[in-house]
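Hello,

Here is the structure I said I would pass on. My notes follow below it.

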Amino acid sequence: MSSVLYDVPGPKARRISLIGSVIGSLLILGLLAWIIMVLAQQGIFESRRWQIFTRTDVWRLLGNGLGATLSAAALSAVIAFPLGLALCLLRIADSPIIRIPVRVVLEFLRGMPVVLMMLFVLLGFGTSPFIAVVTGLVLYNAAVFAEIIRAGIQSLPKGQREAGLAIGLTSYRSRMLIELPQAIRRMMPSLVAQMVVLLKDTSLGYIVAYGELLRAVQVMADFLGNAYLFPVFFVAAAIYIAINIAVSRLAVWIERRGSKKAAGGTAKAEPATVEAGAP
Amino acid sequence: MDVIIENLPLYWEGFLRTLFLSAVSGVIALVLGTLLAAARVSPVAALRGFSMVYVEVLRNTPLTIAFFFAAIVLPRLGVKFEQFEIAAIIALSTYTAAFIAEAVRSGVNSVPVGQAEAARSIGMGFGQVLSLIILPQALRTVIPPLINILIALVKNSSVAGAFFVLELFGYGRQLANANGDAVITVLLGTAFFYLLLTVPLGILASTVERKVAIAR
Amino acid sequence: MKAFLTRRKSFVVAATAALALSLSACGGGDAGGTNPSPVEKPTFAAGTTMEKLSSAGTIKIGTKFDQPLFGQVGLDGKPVGFDVEIGKLIAAKLGISADKIEWSETVSANREPFIEQGKVDLVIATYTINDKRKQVVSFAGPYYEAGQALMVNKDNDTIKKPEDVKGKKVCSVTGSTPAATIVDKYGAELVPAATYSACLEPLRNKQVEAVTTDNVILAGFVDKEPDAFKLASDETFTKEPYGIGLKKDDTQFRNWINDQLESFQEDGSYKKAWEATAGSVIKTAPDLPTIDRY
């Protein structure tokens, strides 16, 4: 990205920047090396501790945990997205009788910690941990999706809706046919970021004893003994980061493919306005 | 209902702890996040790279794992702290900073190109362009999403309850265990105190949003 | 837009398929514990809970999955421990074999609601009998009496008794009974954790002075790392009678379980259950405490 924020650096600036970069990189590498050394001194990288990963039952447990994480996340996303869409349409409805109560509900859902909602569903309605986790995630993320899509619709030029109404579309059809498709495309980065948040939030299922990845790791560390705490947590962190980065990348790829096809009609894509996602 | 009234002091203590964690982490995350966003658009390649890696890794890590590193791995490295609040603040602020950096960066991108070009044409350097021209405009448009991130931060602080800090959610669980006959009421009480923090923030966000929209 | 949605759908389908694969990979062997043989065709009076469970041929029991020695899930996903053994013994008396028991995890917060809503038939989960809980559920037992104790670092000689932790940092599980006791009675500063095992790192790093919970759980940790930790004293400072939670006012079921517990003591299966689990750490098997037939 050759930026508009600064002039193209001259030879001197480039040299300074290069030297700075090298020193900075060395410092960071040095810090990492020091961390690894200190941890190694405490025996955390002893092969004995990592040998558990040669056992199939360890991987099976991790696999089950991962399966539980992905199934809860997938189901929640599949329900939360259309629900968020519907809530968004109600939230910007013309009639205040619909708009205002929906706004109150959204405010409430956004303001409650997800852990609390999960616990509440589990205890209040006597559901299984899986249902509690999914419900908690759906309620919260639907509210966030609704907000993101709303922000997308509001960032559209007014003319879009006016033109829709002018050619005789009803308010609802203008939203569905003209505004939503543009808003969703525009907010894709935020929506994907929120999907990743949703995936990560499955780890809050520990509160209702849902056996997702992190819980599986915790249980495993408890069972095997504290010596294995660090190895299993490092592996879990690596799995999470890999999956989440893969999801983000996949979304970027899908978006690129989509926008190439759509590029014919639209003008040059504007940069995404603002992100409304919430961690 | 009696359970809530009887235990109001405990709720209040938890509420204050949650408020403290959120406020301190929020301020640190705002500063750190803005610096990261500035690094991301800076001319120095290493800074851009560092900022990108930081944001990518932290955004894709579950908060629980961030807490694990702050509360359990750091002490192993010799970073000892008397108060576990410090670990919680480290985890919450480094995690939240990644989200703030992304929001601020998209705000920077939303400022019309002409602004930066005009600033440069009158001889401003990168630091001046960013701090005097771009950021003031960018921050205004990203205030609503920033507040949303802060709302999430308030709620995320509940994870600290599992990592050695007794905050609102921790008190809620303690009360739930002590009052097996009124678990639901206890949880409703906890929810109320969270909403006391998050709903005003949400209303603030939409008010600011409306103001900014008018000013545009 | 349409094309985009279908693509998303196919992604989800693929993800679900991958998931089904990974789920079907589970199953597994057996890890430790005894296998009491079920009674052949026991008879019970019509309309009792015993009769219902016995003819259904299955029972749902809630236990902890993270409590060493009592209820802890192994690498094969099945819980093992003393609580689990007691559950198997009771099931056997109903004519239900160990593999027909549906174990579900109960955490501290959901034990009462799970019983009230009939999610589980019994809760055997290091569940201390107390009066507040008696208002919503009934308790058979106690089948074991634990007591709260303190665990410290091996080189710590300043903490011997609970009075010594006044104003000091003590780690325990958020919302647990031992946590409440050490704060309310002995004035310690609580450092809450998600599980007891999570307390070990702060103790090792000397960020807390002690860890407190029931003696049997601490004994399990000391057993695993005798060079790092020790119990502050062998004496306990509370009595934690572990009961078996069941639906409130199901007095017939409660009395029946109490009778069975006494029979386990007589025929030695109680001792055997102990030796197969917690006995690996606490050598002397306890006697069954006096049953609380309220």
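In this predicted model, 55 residues of chain B are in contact with 47 residues of chain A. On the chain B side, the elements that each give two or more residues are α3 (45-59), α4 (63-76), α5 (84-110), α6 (113-121), α7 (126-156) and α9 (183-215) of chain B. The most comes from α7(B), with 13 residues. Sorted by class, the side of chain B that touches chain A has 32 nonpolar, 16 polar and 7 charged residues.

An unreviewed UniProt entry lists residues 16-40, 61-93, 113-140, 191-209 and 229-252 of chain A as "transmembrane region". I looked at two of these stretches in the model. Residues 61-93 of chain A are 94% helix and 0% strand, with the end C-alpha atoms 47 Å apart. Residues 113-140 of chain A are 86% helix and 0% strand, but here the end C-alpha atoms are 8 Å apart.

On confidence: the predictor gives the complex an ipTM of 0.84 and a pTM of 0.84. Chain C has an average pLDDT of 83, and 89% of its residues score at least 70. Residues 1-31 of chain C have a pLDDT below 50, and this stretch makes 28 contacts in the model beyond near neighbours in sequence.

Regards

How values were computed
Residues numbered from 1 in each chain as written. Chains lettered and ligands numbered in written order. Predicted model: local features only at pLDDT ≥ 70, side-chain atom pairs only at ≥ 80, totals over all residues. Contact = placed C-beta atoms within 7 Å. Helix = DSSP H or I, 4+ residues; strand = E, 2+ residues; numbered from the N terminus. Nonpolar A, V, L, I, M, F, W, Y, C, P; charged D, E, K, R; others polar. pLDDT = per-residue confidence, 0-100. UniProt positions renumbered as here; feature names shortened; annotations may be inferred.
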